There are 2 protein chains.
Amino acid sequence: MTELAAQHCDACRADAPRVSEAELAELMHAIPDWQPVEEEGVLMLRRVFSFRNFKEALAFTNRLGALAEAEFHHPAILTEWGRVTVTWWTHKIGGLHRNDFIMAARTDKLF
Amino acid sequence: MTELAAQHCDACRADAPRVSEAELAELMHAIPDWQPVEEEGVLMLRRVFSFRNFKEALAFTNRLGALAEAEFHHPAILTEWGRVTVTWWTHKIGGLHRNDFIMAARTDKLF
């Protein structure tokens, strides 16, 4: 399998398939620092990144924001003093698409 | 009362008083678009700001980040496509200080 972080998002349609349980298990191996979390029935990927202060946290938020704009796929980014919590999922399908794993892997590269 | 948005944060000590219920009721009048919310026993102020897209949301996050750095008081900023959720509270006292109301009022001015 080509490394996830080297891949780009596919354009995602509302009828695109969510990842299956088997795919989820396989893909989680590629992004070991992320956790699958469920909120209101929607499965998401989440990771907390730690920083020395607010300025470094905000700088990371901006690097991630640039990546999100470049790929037309946008996470939820919680910026706090010394910490950024990133959550990826695909709104259109109400769950996880392969794109989200690619974006999680690419987020790791920005850290 | 001097307009909240024209004020600056006082340096906040761990033994600084939380706002009383009477002060809370008074101060909420000055920031009508904010809601008091309680998370794990900690009272906070929260407002959701709406934007046309991700880029505008992230620009607001950066304006708010600059204010936070200038005042040495930092909120939680959740940046999403078209929306920024801002939460103010004072970590040192585990609740709301007058500073948080000043910062909420100043956040409104950045919108």
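## Pocket, sheet and helices: how do we know?

The largest pocket in this predicted model holds about 670 Å³ of space.

Me: What makes a residue part of the lining of the largest pocket?
Reply: A lining residue has an atom within 4 Å of a point of the pocket. For the largest pocket, 25 residues line the space, and A:E39, A:R46, A:L78, B:E39 and B:L78 lie nearest its centre.

Me: Which strands supply at least two residues each of that lining?
Reply: In chain A they are β2 (42-50), β3 (76-80) and β4 (83-88), and in chain B β2 (42-50), β3 (76-80) and β4 (83-88).

Me: How many of the lining residues are nonpolar, polar and charged?
Reply: The lining divides into 10 nonpolar, 6 polar and 9 charged residues. Glu and Arg count as charged and Leu as nonpolar.

Me: Why are β1 and β2 of chain A called a pair?
Reply: Two strands pair if there are at least two bridges between them. Strand β1 (residues 35-39) of chain A and β2(A) have 5 bridges, so they pair, in the antiparallel sense. A:P36, for example, has A:L45 in β2(A) as its bridge partner.

Me: What sits between those two strands?
Reply: The hairpin of β1(A) and β2(A) has 2 residues between the strands, and A:E40 takes a positive phi near 50° there. In chain B, β1(B) and β2(B) also pair in the antiparallel sense over 5 bridges, with B:P36 opposite B:L45 in β2(B). In that hairpin B:E40 has a positive phi near 50°.

Me: How do you know that β2(A) and β4(A) pair?
Reply: The cut-off is at least two bridges, and 6 bridges join β2(A) to β4(A), so these antiparallel strands count as a pair. In β4(A), A:T85 is the bridge partner of A:V48, while A:T87 is the bridge partner of A:R46.

Me: What makes β1 of each chain an edge strand?
Reply: The open sheet has 8 strands, ordered β1(A)-β2(A)-β4(A)-β3(A)-β3(B)-β4(B)-β2(B)-β1(B), with antiparallel pairing. The β1 strands of chain A and chain B each pair on one side only, and they are the edge strands. From one strand to the next, the twist averages 25°.

Me: Why are α2(A) and α2(B) called roughly antiparallel?
Reply: Helix α2 (residues 54-71) of chain A and helix α2 (residues 54-71) of chain B have axes that come within 11 Å and cross at roughly 170°. Angles over 145 degrees count as roughly antiparallel, so α2(A) and α2(B) are roughly antiparallel to each other.

Me: Which residues meet where α2(A) and α2(B) touch?
Reply: From α2(A), they include A:F54, A:L58 and A:E69, and from α2(B), B:F54, B:L58 and B:E69 are among them. By class, this contact has 4 nonpolar, 6 polar and 4 charged residues.

Conventions
Residues numbered from 1 in each chain as written. Chains lettered and ligands numbered in written order. Predicted model: local features only at pLDDT ≥ 70, side-chain atom pairs only at ≥ 80, totals over all residues. Heavy atoms only, no water. 1 Å grid on protein atoms, 1.4 Å probe; cavity = no way out; pocket = protein on both sides within 12 Å on 5 of 7 lines; lining within 4 Å. Points joined across faces, edges and corners; volume = space filled by probe spheres on them. Helix = DSSP H or I, 4+ residues; strand = E, 2+ residues; numbered from the N terminus. Axes fitted to C-alpha atoms, helices over the stretch in contact; angles between N-to-C directions. Parallel < 35°, antiparallel > 145°, perpendicular 65-115°, else oblique. Contact = heavy atoms within 4.5 Å.
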